[in-house]
Amino acid sequence: MAIVKPFFCYRPNGAAASQVAALPYDVYSREEAREAVKGNPLSFLNIDRPDVHFPDSVSSQDERVYDKAKELLMERIRDGTFVYDGTPCYYIYRLTMDGRDQTGVAACCSVDDYQNGVIRRHENTREEKEQDRICHVDRLGAHTGPIFLAYRKNRELQQMVDEWSRDHEPIYSFASMDQVRHCVWRVDEPEKVAAMEKAFERIPAAYIADGHHRAASAVKVGLKRRQENPGYTGREPFNYFLSVLFPEDQLKILPYNRVVSDLNGRSTKEFLEEIAGHFQVEPLGRQPFAPGEKGTFGMILEGQWYKLKAKPEILSSDPVKGLDVSVLQDWLLGPVLGIQDPRTDKRIDFIGGIRGLGELIRRTSQDMKAGFSMYPTSIEELLAVADAGLLMPPKSTWFEPKLLSGLFIHPLDELP
């Protein structure tokens, strides 16, 4: 059963919340982050990406960079930008995008639940990507970017969330620059907090939707603190990591599209003839195509669009092999284009569905040869893969909207 605890929280004062809250550090390049913080010293990106305060000659993983993050966080606490809730609370966090709400609970989840599989994963992580966040979290002594978790819908929990948000005023309500509205309610009545904690205990599993590297890093910091404190009891804050948990039926996954730089030595004619062995290929001219059903793909090649439909013999009921991202990889990208490991092959790039088909058109007219529009992986497919203890191919899911960083800070140590 899941351990999902209320927590002592540093958070922006009400007036500062909209200036502080920022998109996650990993959606920006260093240069993009540097531009994003210009004119906004309160933006949490200053703390989340402290490398923006150094010339490019200084590595993003230089010790001075992490020291700068700690310095800035302490400044924001001392000047009152962040306030401290001195009793453990839950926080209801609602995001509204294009008229669609998703409402989760900000809380702390257990390092042990991650270790024993109560918190389930569907992606591998890369150690080099983890290391930066390990150093960042460890130096700050705090989690600042929540892990995006899902759980199977639960009527009892949903009723608690709905009633509290209906009967209380939010502590934050603002629209971010991408026009997503963010509303937060603090659940601080002890009996309600206790009831919510009990309800979470009846949830059998939680699933990482977004933030696998952040989760792995947070857990490794917790394990490091355990080694440094051999007499730990399990109740210390470092045994838990910051998360926001959403019911699965409120989440939306967008497609994660692909572009490739060449046809692996084939002419356009040869390429089209070869893929026709496993896909029905329908020319569409210059009309962009977004798939409307599973097993179907759009392709743009030399400015022309095609509809690709997987032939029945290459489809599978296996939780991983049956994913559209696997079908494209196993029957086209790998055997035809020679892209055997999409994690490391420089000939492929990935484009989040929020950027739309226009980005496929732009990239294939500039630096890429062909692009593929995908039908989005479903949340049911994600849960099935995770429940089976399996892993999805890289870049299988793109969740929108993104959780903002800086709204909730979970201290691992005593902060001033």
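Where is the place of Asn264? The first close-up below takes you there, in what is a predicted model.

**View 1. Asn264, a residue in a loop.** Welcome to the loop between strand E13 (256–260) and helix H10 (268–275), where Asn264 sits. Take a look at its backbone: Asn264 is not a glycine, and yet its phi is positive, at about 60°. Asn264 counts as partly exposed because its relative accessible area is 35%, which lies between the limits of 20% and 50%.

**View 2. Asp98, with a positive phi.** Asp98 is not a glycine either, and its phi is positive at about 55°. With a relative accessibility of 75%, Asp98 counts as exposed, because exposed means over 50%.

**View 3. Glu400 and Pro401, joined by a cis peptide bond.** The omega angle of this bond is about 0°. Pro401 belongs to the loop between strand E19 (398–399) and strand E20 (410–411).

**View 4. Ala310, a buried strand residue.** Ala310 is part of strand E16, which covers residues 304–310. Its relative accessibility is 6%, so Ala310 is buried; the cut-off for buried is under 20%. Leaving aside residues up to four places away in sequence, Ala310 touches His278, Phe279, Gly295, Phe297, Leu315 and Val327.

Conventions
Residues numbered from 1 in each chain as written. Predicted model: local features only at pLDDT ≥ 70, side-chain atom pairs only at ≥ 80, totals over all residues. Heavy atoms only, no water. Helix = DSSP H or I, 4+ residues; strand = E, 2+ residues; numbered from the N terminus. Buried < 20%, exposed > 50% of the residue type's maximum accessible area, 1.4 Å probe, protein only. Contact = heavy atoms within 4.5 Å.
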